[in-house]
Amino acid sequence: MSQASVLCGRRAGLRAMCNGFYAATKRGRASAEPDFRPILKVATHDLGDALAIRVRDNGTGIPAEIRDKLFQPFFTTKPTGEGTGLGLSISYDIVTQQHGGTIEVESAPGQGACFRVYLPLKNMKDKT
């Protein structure tokens with residue numbers, strides 16, 4: 001696995017993890033569920049021709065009406081001063097434009113979110 005794929009995956013995964021931590025903590029603070037525990041699960045898989053990273057949280061979830069905006073520059077759901085709206089857009093550009101990969105998100109309000117990052121290794125090897 002190339003150093004470029006590891007660095008790109010790390011950056012995109014880190015952004016998804018930060019957002020997952022934020023959402024799970026937010027749900028925990030607002031939750032009336034006495035037994036709620038914030039959970040973040042991260043998995044990586046070498047698919048042979050691609051690196052797959054999955055980041056799943058049990059946070060607040062992402063409403064369908066804003067999912068299309070998640071990767072737009074300066075879009076944030078965080079209060080003023082807490083988010084710049086650049087993390088996911090920069091990660092998206094690096095993964096898709098520079099490395100020919102994809103980022104997908106699945107979510108339902110109140111059910112958390114799952115981000116999947118796919119990085120083709122062929123493109124990564126060509127860049128090293």
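I take buried to mean under 20% relative accessible area, exposed over 50%, and partly exposed in between (1.4 Å probe, protein chains only).

Entry 1, basis. I worked on a predicted model, in which local features need pLDDT of at least 70, side-chain atom pairs count only at pLDDT 80 or more, and totals for chains, interfaces and linings use all residues. Residues are numbered from 1 along each chain as its sequence is written, and side-chain values use heavy atoms, with hydrogens and water left out.

I looked for rings of Phe, Tyr and Trp (its six-membered ring) with centres within 6.5 Å, planes under 30 degrees apart counting as stacked, over 60 as edge-to-face and the rest as tilted. The count by this rule is 1 aromatic pair. Phe71 and Tyr92 form a stacked pair, 5.0 Å centre to centre with 25° between the planes. Phe71 lies in the loop between helix 2 (64-67) and helix 3 (87-98) and Tyr92 in helix 3, so the pair ties together parts that are 21 residues apart in sequence. I noted Tyr92 as partly exposed at 29% relative accessibility and Phe71 as buried at 17%.

I took helices (H or I, at least four residues) and strands (E, at least two) as DSSP runs, numbered from the N terminus; two strands pair if DSSP finds at least two bridges between them. I found 4 strands in an open sheet, order 1-2-4-3, with antiparallel pairing. Strand 1 (40-46) and strand 3 (102-107) are at the edges, each with a single partner strand, so one side of each lacks a neighbour in the sheet. Strands 2 (50-57) and 4 (113-120) pair over 8 bridges.
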